Each structure stands twice: as structure tokens, then as C-alpha cells.
Amino acid sequence: MSHARIRSMLPLLCLVTLSCLGGVRPRAAKDPAALRYNLTYVREPTPALDVEVVLVRGTPRTFRFTRPGGVDSVSAFREDGERLDVPVRDGLVQLPRDIRFLRYRYALEPRRRGHGSDLFAGSAEDDAWHLTGRTYLIRPNLAPPDLRVELVVEGIDALLPWQPDDKGLYHLRAEDLVDSGFHAFGGRRCQVVLQDAVLDVAVLGHFTHLDDARVCHWLKRTADEVLTVRRAFPYPRVTVRVISVPGRDGPGLFGMVLWSSPPSISLLVGQDATEASFERDWVALHEMLHLAHPAILPRVPWLSEGLATYLTEMAQVRSGRQSAQRAWGELVDGFARGRDASQARTMKEVVADSDFSPGTYWTGALFALHLDVEIRRVTGNRRHLEDVLEWLAARGSTSTFGAFGVAVDEVAGQPLFDALLARHLERPAFVEQEGLLQALGVTTGADGIQLVPARDSALREALESGGCNPRAGSCVSDASAIHRHP
Ligand SMILES: [Zn+2]
């Protein structure tokens, strides 16, 4: 389902304050209670974003570009209108005293022409742009938790991670700008409506075989698959940007979640992709499944990637999109790729080597599978990995590695996490694979993957079916799972 998103007219005030980059306004009679960001899209002489930040009394004087390189200097204006050019050094901007507001221009065009498509710094076609907030949006270097931010975008329709009020004003906190997620300017909009949530989607660029309704339909089906893992969609509103990549026909070429608040997703899709090719796409599902686990801080990529990678295969079985045999085949192939990359190193060495290597993803996925199996085994198949995700979700959208382990033990009803972790982390990567798959009845022969009766094959069938989720058509309830597999 799809409909155009209609943006309310912005208040006249914004039009006035944003009308001219060089001018200086008279000082407001009273300081605003929040930092005010005025963003203006300009087309001439070349596409750019003009950013104006009106300071509040007491605002820290050190600002930062989280991802520096796009802006060399900012203009800072004193109370009396005097203008000072302040250089950006190592991403930092040190403002002199008595600065009333600052302005700078982030040029979009050089990035498109000079460096090709850049998901982070600015890319897309015609008047549609995709970039990360951290590239172009200056922020207070330290974000006091009580510092409010108001932000408005003028001159183009924007899809930012946050939801504006009905006047188009975003009400944020300074810490929301620490990771300000993916941003889209221009393009078209469609919306995916779920029972408890909506996905606001920006489609950037054009597709040969797809209209926007088909793109949104694909994302709707993908979001429904998340409900084979979680009881409800993890966030009430999430934004997704879909960017067409010319000359390619693959569906999900690349995807990424950024941990803005709420998280924001962007997906690169081949311009020549067909609706049929979405049938085998896993990239969008993988990204949405990252929403099913909390943001682990500090980051532990092997755990978050392992969870998403394992669940990506299982969710497609539970929704009926792929057979169990195929899912196990994908896992076994992935484990083999990870093992090739890992050689004889321990899992600890493998995951320390690179955050985003096949070794990290697949050793994490093997651990996630093992965790799911062990929780089911010790609880007589009454509890499972999804219960851990629900337990954590009830306690917030961020968590820690330690809290993840606590949640596992809580759900299992006994200490389990540390011992299982030690079996993987301190020993050669993938050393647990053979015994685990054998117990589950997953064998690889000349005819490919066979699923056969084995000690824990009932647990295998249960995890293929998922936990109890009445809204996911193919799932079985806890009770029936126990009944079927005593
Ligand atoms: Zn991932």
C-alpha cells in the first residue's frame, strides 16, 4: 500500500529566517529555550544544504562534525552582527565567546560528481539526495541530556529518522544528533502500515520494472517477517530509504541500519531489479531484524550481526518464503565461508580482527543458533532466543553485552551464557558446528542438506516454526510445540 506523504506548510517564521545566507537578523528579544537548526536546501548555483544553528545561552562552545570532511569552515556571528570565519579542525569547531548563531553550507554536488555514489556523503539522482546526518550536521561536541533542539527543513521534502510535528518542526535532544542516522531529501514517499507500526519510506531515483507501490509492498512483506521473531514490530515508526543503483539488477545490493533514535535504515536496490527478484532478497530482512535486538553499547558486532544473520534464515522459513532445507543449506554454506576466513584462529581472534568479515558474521550466527538450541534444550523447549529479545526490549532500545548474558540466563532459568560463550570464544572458531548440527539432524551429503531424526531434531523443528506468535501465520504456539515435542 502506498500513498504520498503530504507535508504541512512550514511556519512563515522559517521562510523569513532562512531567506538569506549572508544577512544578520536582529537579536530575538528572549533567548530560545532550545538550539534551533534551520536547514535550507538550495539548488543554485549548485545543490547544497545551508545550515544555520541559533545558539542558546549556555550552549557549549565546542561543536563537532561526527564524520568530518564535508565542511571546511563555519561563519559565526556575534551579537552585534560581526562575522567570524571559524575553521573546522579534526571535525571540531571552537566558537569564540558571544556567538549568537553560526552558518555553513554543505555542498552536495561535488560528492556526486567527484566520488560517484556515496551512501554517506550524498548520492542519488536529479533532485533526490541521500546522506547521513553525521556528515553534514554539526552538533554540540558534548550533548547535555537536557539540551533541547528544534530543527526545521525548508526548500525540499525531507525524510529524517524523527517525526516532525504537524507544522514540520522536529523536537529533538542534543544527544539525538550524536548519531543522527540516515537522511533523505527529495524523492518520493510511500508508507507501510503494520498493525502496531508504520514504515515511512523514501524512494530515491527511478526503477525500470518497479513502481513505488511494489517497493513498499516488498518492505511490508519483509516487515511482516520480523513478526516471526518479535511479538510486535520493534518500533512504532521507522524510516527506510530505498536508493536506486543504475546498471544493477540485484534486489538488496547493500543495506545498513544506523542507531539513530529511532534507528534508520537505508537500502541500495538495483535499478533493473524485478519484483520476482525480491523473493530471494535477504538484505532488507537482515536490516529490519537488527531492529529486533537492542543496540548493544559498546558495540559488539559479532553478536548483533550473528543474531541478524541467524534470524534472517529462520524468519524466512517461518514465513514460508524458504524451505527448512534451504535455510540450513544457507547456514551451512555461510559457516563454511566463515570457517575459510577464520582458518585455525579462535573465535575471539576472528571477531577481534574485523567487525564486518565473513568470520565475524558467521561465527556470530553459529553462536546465536547454539544459544537458541541450548535455551530450548534446558527449558524443555518452552523458552527460546526470541524470549531473550522480548526480555531486553521490555528494558529499552539499548543494552549492553553483560545485560544480554543476564537476559539469556534469566530466560533459561539457569546460568548458561558464560559457559556457552567460553566454548565458542576461547576455542577455534566453528569448532562447535559439527556436533551441534549432528545433534539437530542436519547432515550434508552428496545430495546436499538432509534433515534427519536425531537427538535434538525436535528442537530443530521447533526453531524452524518459531515461538508463539499468532500474527505470524506459520508459527506454532509454545503449548503445541511442547505437545508435539515432549
Ligand atoms: Zn547486519
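The buried residues of helix 12 pack up against helix 8, helix 9 and helix 11 (401-412). Helices here are DSSP runs of H or I with at least four residues, strands are runs of E with at least two, and both are numbered from the N terminus. "Buried" takes 20 or more other C-beta atoms within 10 Å of a residue's own, "exposed" takes 12 or fewer, and "partly exposed" is in between, with C-beta atoms placed from the backbone.

Keep in mind that this is a predicted model: local features need pLDDT of at least 70, side-chain atom pairs count only at pLDDT 80 or more, and totals for chains, interfaces and linings use all residues. Residue numbers start from 1 along each chain, as its sequence is written.

**Helix 12, side by side**
- In helix 12 (residues 417-425), the buried residues are F417, L420 and H424.
- Those residues cover an arc of only 75° around the axis, so they sit on the same side of helix 12; the arc is taken from the directions that run from the helix axis to the C-beta atoms.
- Look to the other side of helix 12 and you find D418, A419 and A422, which are exposed.

**The chain as a whole**
- The chain has 486 residues, and 45% of them count as buried.
- Take the contacts between residues at least 6 apart in sequence: 67% of them join residues at least 24 apart. A contact means that two C-beta atoms, placed from the backbone, lie within 7 Å.

**The nonpolar core**
- The largest nonpolar core has 127 residues, and V201, L219, L289 and V408 touch the most other members. Such a core is a set of buried Ala, Val, Leu, Ile, Met, Phe, Trp, Tyr and Cys residues joined through C-beta atoms within 7 Å.
- Helix 9 (residues 358-378) gives the most to this core, with ten residues.
- What does L289 touch, leaving out residues up to four places away in sequence? The list is V226, V229, A308, L311, T312 and A315.

- Three strands make an open sheet, in the order 6-3-9, with antiparallel pairing. To count as paired, two strands need at least two bridges found by DSSP.
- Strand 6 and strand 9 (139-140) are at the edges with a single partner strand each, so one side of each has no neighbour in the sheet.
- Strand 3 (residues 62-64) and strand 9 run antiparallel and are joined by two bridges.
- Opposite F63 you will find P140, in strand 9.

**Backbone spots worth a look**
- S261 and P262 are joined by a cis peptide bond, with omega about 0°. P262 lies in the loop between strand 17 (252-258) and strand 18 (264-270).
- Another cis peptide bond runs from L297 to P298, with omega near -10°. Look for P298 in the loop between strand 19 (295-296) and helix 6 (301-318).
- D90 is not a glycine, yet its phi is positive, near 50°. D90 is in the loop between strand 5 (83-87) and strand 6 (92-94), and it is exposed, with 7 other C-beta atoms within 10 Å.
- Q343 also has a positive phi, near 55°, without being a glycine. Q343 sits in the loop between helix 7 (324-342) and helix 8 (347-353), and it counts as exposed because it has 11 C-beta neighbours inside 10 Å.
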